[in-house]
Amino acid sequence: MNERAVLRDPWVGGGLALLALLTFGAAMLYRGAPQSFAEVRSDARVAVRPAAFEQRMARAEERKQAASDIASAGDTVEALRVYAAAGEEAWSARGLARDPAEAAAGTELWAEIVLDRSALMLAAASSPWWRRDDDPALRDALARVEDVLVHPTSPATRGRAETLAAEIRNKLRPGPLEWLPLR
Amino acid sequence: MASPPVTGARRAVGAALIFLGSAVLAGVLLTPDGVRYRTPGLVEGVFALLLTYVLLLRGVWARPLGWPGWLAVAYGTAANAQVLELLLPPPGVVEWVVVFVLAFVSWGALTSGPRTRLVASLASLALLLALLRYSVIPVLWARIGPAPGTAFGLGDAAESLRRVLADHEPTLPSGQLLGIAALALWALGTRLLWPGDGSLPPAPGTEERGGLDRGAGAV
C-alpha cells in the first residue's frame, strides 16, 4: 500500500485526526472518572479554556452541587473529597479574576464551599457524649473556618463562619463541658 | 475516485473509530452508587489477544495491509478486552470455572468450520456470558442466604460465600443498554473489517462461499 497516497486521502487523514482526538478524550474520561454529564461538561469547558474565570466558577459550582448530593446520599468521605476539589476550583477562579467584583464572587463561593465542608467535618467528627469526638478532624475544620474569617466575605457568610467556629470550639471542649454555654 | 487500497485504509480507520467507541462504552458501568470506569485485567487481556489471533487466522478480520490495518487490529483488540470485561463473570469461583471451560473447549470450536460459523459461535458465547452475568448471578445473588447483618451472623457468612462465588456488583438497566451499544459497535467494526469485497483482501485459505460472505461483498 502506498503510504503517502493513504495519508493524502482526506477521509483517512481526517479519520486519523479524529481517532487521535477521541482516544485522548477517552483516556481523559477514564482518568477523570466523572460521575455525571454535568461533570463531563464542566471538565471539558475547563480543558478548553483553563484560564477563564467563568469556566472555573461554573466548575466549582458543579463540584459543590455534586458534593452536596453525595453528602445527602451518605458518603461523607467522598463528599469531603469532592468539596476539597470544589474549593480548589473556586480558589483558582479567584486567582483568575479580572476585576474586584469577580474576585469577591470567587472568594464568596470559596468561602461557602469551605464552610459546607467544615460543617460536614463537624458532623462526621462529632460523637455521642459517651464517646470521644475526633478532635484532630475538629481542629482541622476549625482551622479552615478561621481561614475563611481572615478573608473579606459578605456579612451573611462571615456570620455563618463565626457561628460554625463557635460550634466547633464548643465541641472541642472536654467531656460534658460542651453542654455548658461558652460565655 | 479512490483506489481500492485507499478504500481499504478508510475502512480500517473507520473500524478503529468504531472499536474505540465500543471499548469506551463497554468499560462504563452504571451502578446504583455511581459510574465506574473499568479497564481489563490480565485475564481479559490475554483472552482478547487470543481472540484477535483467531479472528485474523480465520479471516473474520481482514489481513492487515499497512499501518491503517494494524491500527484497526490494535483498537479491535482493545475493544475485545473491554467487551470481555463487560461479559465475563465478576471475579470469583464462577469466573474461574467459565474461563477454564472456555480455555479448554471453545478454542477447539472456534478454530474449525467456516468463518460465518465462528461469528455465530461468538454471538452464542456472548449470549451465554451475558445470561450468566446479568441474569443468573443477580437472581441467585438476591436469593442465596440471608442479607448481610441479619440472622444473627448467618447473613454475614452468606455474604462471604456469595463474594467467593462472584464479586457481583449490581448494575442499572441503563448500564446494560450501554453494554448492548458496545456490542453493536463491536459487530459493526467487525463488519467493516470483514474481507472479501475487493477493498480488503481475505486471509489465505479463508475464502468461502457462504451466505454471509456474499452479503459482505455488497457493502
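How many helices and strands does chain B have? In this predicted model, chain B has 8 helices and 2 strands, and from the N terminus on these elements follow the order α-β-β-α-α-α-α-α-α-α. Of the 219 residues of chain B, 34% count as buried, and residues 24 or more positions apart account for 76% of the contacts in chain B with a separation of 6 or more.

**Confidence**

The model scores ipTM 0.79 and pTM 0.75. For chain B the mean pLDDT is 82, with 86% of its residues reaching 70 or more. Over residues 208-219 of chain B, however, pLDDT stays under 50, and for this stretch the model has 14 contacts beyond four places in sequence. Where pLDDT is low, the predicted coordinates should not be read in detail.

**The contact between the chains**

Between the two chains, 19 residues of chain B are in contact with 18 residues of chain A. On the side of chain B that touches chain A, helix H1 (4-27), strand E2 (34-37) and helix H3 (66-87) of chain B each supply at least two residues, and H1(B) gives the most, with 11 residues. Sorted by class, this side of chain B has 13 nonpolar, 5 polar and 1 charged residues.

**Helix packing in chain A**

Two helix pairs of chain A, both of which include H4(A), are set side by side in the table.

| Helix pair | Angle between axes | Axis separation | Handedness of crossing |
|---|---|---|---|
| H4(A) and H6(A) | about 15° | 11 Å | left-handed |
| H3(A) and H4(A) | roughly 155° | within 9 Å | left-handed |

Helix H4 (residues 53-73) and helix H6 (residues 100-125) of chain A pack at an angle of about 15°, and since angles under 35 degrees count as roughly parallel, H4(A) and H6(A) are therefore roughly parallel to each other. Their contact is made by A:Phe53, A:Met57, A:Ala60, A:Lys64 and A:Ala71 of H4(A) and by A:Glu102, A:Gly106, A:Leu109, A:Ile113 and A:Leu120 of H6(A); by class, it has 7 nonpolar, 1 polar and 2 charged residues.

For H3(A) and H4(A), the axes cross at roughly 155°, and because angles over 145 degrees count as roughly antiparallel, these two helices are roughly antiparallel to each other. On the H3(A) side the contact is made by A:Ala38, A:Glu39, A:Ser42, A:Arg45 and A:Val46, and on the H4(A) side by A:Gln55, A:Arg56, A:Ala58, A:Arg59, A:Glu62 and A:Ala66. The classes in the contact of H3(A) with H4(A) are 4 nonpolar, 2 polar and 5 charged residues.

**Two individual residues**

A:Ala33 lies in the loop between helix H2 (10-32) and helix H3 (37-48) of chain A, and although A:Ala33 is not a glycine, it has a positive phi of about 45°. Because a residue with 12 or fewer other C-beta atoms within 10 Å is exposed, A:Ala33, with 12 C-beta neighbours inside 10 Å, counts as exposed.

B:Leu55, by contrast, is buried, with 24 other C-beta atoms within 10 Å, and its place is in helix H2 (residues 42-57) of chain B. Leaving aside its neighbours within four places in sequence, B:Leu55 is in contact with B:Val60 and B:Trp61. The C-alpha atom of B:Leu55 is separated by 18 Å from that of B:Val43, 12 residues apart along the chain.

Terms used
Residues numbered from 1 in each chain as written. Chains lettered and ligands numbered in written order. Predicted model: local features only at pLDDT ≥ 70, side-chain atom pairs only at ≥ 80, totals over all residues. Contact = placed C-beta atoms within 7 Å. Helix = DSSP H or I, 4+ residues; strand = E, 2+ residues; numbered from the N terminus. Nonpolar A, V, L, I, M, F, W, Y, C, P; charged D, E, K, R; others polar. Axes fitted to C-alpha atoms, helices over the stretch in contact; angles between N-to-C directions. Parallel < 35°, antiparallel > 145°, perpendicular 65-115°, else oblique. Left-handed = near helix turned anticlockwise from the far one by under 90°. pLDDT = per-residue confidence, 0-100. Buried ≥ 20, exposed ≤ 12 C-beta atoms within 10 Å, placed from the backbone.
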